[in-house]
Amino acid sequence: MNKRQRKKLMNMISSAGLLPSAYERLDYIESTGGQYIEAINSEDAYNLFSGLKMETEQAITRPKAQSEGAGNLTGFNISTTSNDLYYRTTTPNAPNYTDVPVKLDEIHKICTYFKGSNAQISVDDKPTKVSNVENLAQKKPLLLFSHGSNLNQRCCAKKYSCKIWADNYAKLGYKKSLIRDFIPCYRKSDKEIGMYDLITKKFYANSGQGMFRSSPNVDVPFSNFQSVEYIESTGTQYINSFVNNTISENRNLRVIADVEFSGDATGVMFGMSPSGKESERFSFAVSNDKWSLRTGGYTLNSSSIVEPNVRYGIEIYISPDLRTITVNNELVGTDVRNTIVNEMIEPFFLFVDHICKDDDGGNICSECSYLKLYSLKIYENDVLIRDYIPCYKTSDENNIGLYEKVEKRFYGNDGTGIFLKGEDVYVSEN
């Protein structure tokens, strides 16, 4: 345990006793791209940005362009290129750190300060960098894990703490300049994950889609969700499976799914490609009207044709020396070529192929599918590791995704827009 991690642990222990009994302290909460928290509403943020300081400890979990704050000019942006972490407070003419070495999941302390047209940033207590930027004050809410509710720029990160100070604190009735002191936690009554603010004595829940992940894991009750016949992607919704180990001589995967393509039968059911190289690709799609399994630079196409608006039972098996595609209990494709995928460093996504790095080091998704998913199970070495049930949160019927019965987590939309859903159905929790 390094010095920063030890300090974080001690802060966690000391702050846990400050939480009301209805909440339980967490080490961190993690956004997978679809979740965010409105820390300060738009009117208050506008009044406070003449002097606002933010301090947070967090770790980046995906190598993509990210930001959080209030619009494009207020808050801080993060992007990763090569092995450097790039922080900046505003754009254009932003102070930045381009020399902070970083690895995914490595904790950094970021301090930003906005005062009039002055923007400052400090990373890991290093010397502060300053620049003058016009029109810092914008009448937009201050968000954690994103800078806009449309989620075009979202922060895939683990957040361990967050504090906010304001120079004009008296204007809003606060007695001290510290106006937010967030603690990662969950609400015991319904296992909702979010952050509790010690200043306003208020629980701030997710304002986006899906649910935050956390450490330790919070077992979310299945009773919080209504199961449905299917969920349907319209081309912009997708879900991170968090399955990303390599296909090696000691590992195989089996995926069993019940699916139906709507509109044109094309697109990816699941996939990942860290840099767009064929040798790193791992995906299952419909291409040229045929099922297409692409692993380690090889493509196995089915002998059968795929039609839209037809429901299929699919089974895909992938091992180092054998790949098979079975459709409606009929074997339609076999390949015995070596299929080791040693570069599977990113998890594969459902409903889309990711992750191709663009020229700026960000990521883009490709081959998005218009797909109805009725069920999906993933086995690793014949052990069930994912058992997805289409559903939506009973407290928010627009929060549509997949309940995963093994981990007892809710996997929500990490893309944009909202999944469509089928009729309510009954599914046993067991």
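**View 1. Asp105 pairs with Lys158 in this predicted model.** Asp105 is partly exposed, at 42% relative accessible area. Its salt-bridge partner is Lys158, and the closest N and O atoms lie 3.1 Å apart. The pair links distant parts of the chain, 53 residues apart. Lys158 belongs to strand E13 (residues 157-166). Asp105 sits in the loop between strand E8 (96-101) and strand E9 (107-115). Lys158 is buried, with a relative accessible area of 14%. Lys158 counts as buried because its 14% falls under the 20% limit.

**View 2. Asp125 and Lys109 form a salt bridge.** The closest N and O atoms of Asp125 and Lys109 are 3.1 Å apart. Asp125 lies in the loop between strand E10 (118-123) and strand E11 (129-132), while Lys109 is in strand E9. The two residues are 16 residues apart, and the pair links distant parts of the chain. Lys109 is buried, at 12%. Salt bridges with shared partners join Glu55, Lys109 and Asp125 into one network.

**View 3. Lys188 and Glu24 meet through their side chains.** This salt bridge spans 3.7 Å, N to O. Lys188 lies in the loop between strand E14 (178-187) and strand E15 (192-197), and Glu24 in strand E1 (residues 23-25), so the pair ties together parts that are 164 residues apart in sequence. Lys188 is partly exposed, at 40% relative accessibility. Glu24 is also partly exposed, with a relative accessible area of 34%. In the structure as a whole there are 12 salt bridges. Side chains of opposite charge can pair when their charged atoms come close.

**View 4. Trp165 and its contacts.** Trp165 is part of strand E13. Its relative accessible area is 22%, which makes Trp165 partly exposed. Which residues does Trp165 touch, leaving aside neighbours within four places in sequence? They are Gly51, Leu52, Lys53, Glu55, Ser177, Leu178 and Ile179. Leu178 is 13 residues away from Trp165 in sequence. In space, the C-alpha atoms of Trp165 and Leu178 are 4.3 Å apart. Glu55, one of the contacts of Trp165, also belongs to the salt-bridge network with Lys109 and Asp125.

**View 5. A patch of negative charge lies on the surface.** Glu229, Asp396, Glu397, Glu423 and Asp424 gather here. Glu229 is in the loop between strand E18 (225-227) and strand E19 (231-232). Glu229 is partly exposed, with a relative accessible area of 33%.

**View 6. A cis peptide bond joins Ser215 to Pro216.** Omega is near -5°. Pro216 lies in the loop between strand E17 (213-215) and E18. Most residues other than glycine have a negative phi, and most peptide bonds are trans.

**View 7. Lys201 has a positive phi.** The phi of Lys201 is about 55°, although the residue is not a glycine. Lys201 is found in the loop between E15 and strand E16 (202-205). Is Lys201 buried or exposed? Lys201 is exposed, at 63% relative accessible area.

**View 8. Asn329 also has a positive phi.** Phi of Asn329 is near 70°, in a residue other than glycine. Asn329 lies in the loop between strand E27 (322-327) and strand E28 (330-335). At 83% relative accessibility, Asn329 is exposed.

View 9. Of its 430 residues, 54% are buried. Contacts between residues at least 6 apart in sequence include 64% that join residues at least 24 apart. The chain exposes about 18,100 Å². Carbon and sulfur atoms supply 45% of that area.

Key
Residues numbered from 1 in each chain as written. Predicted model: local features only at pLDDT ≥ 70, side-chain atom pairs only at ≥ 80, totals over all residues. Heavy atoms only, no water. Patch = residues over 30% accessible without salt bridge, like charges linked within 9 Å, V, L, I, M, F, W, Y side chains within 5 Å. Areas by Shrake-Rupley, 256 points an atom, 1.4 Å probe, with all protein chains shown as cover. Salt bridge = Lys/Arg side-chain N within 4 Å of Asp/Glu carboxyl O. Lys, Arg positive; Asp, Glu negative; His and termini not counted. Charge placed at Lys NZ, Arg CZ, Asp CG, Glu CD. Helix = DSSP H or I, 4+ residues; strand = E, 2+ residues; numbered from the N terminus. Buried < 20%, exposed > 50% of the residue type's maximum accessible area, 1.4 Å probe, protein only. Contact = heavy atoms within 4.5 Å.
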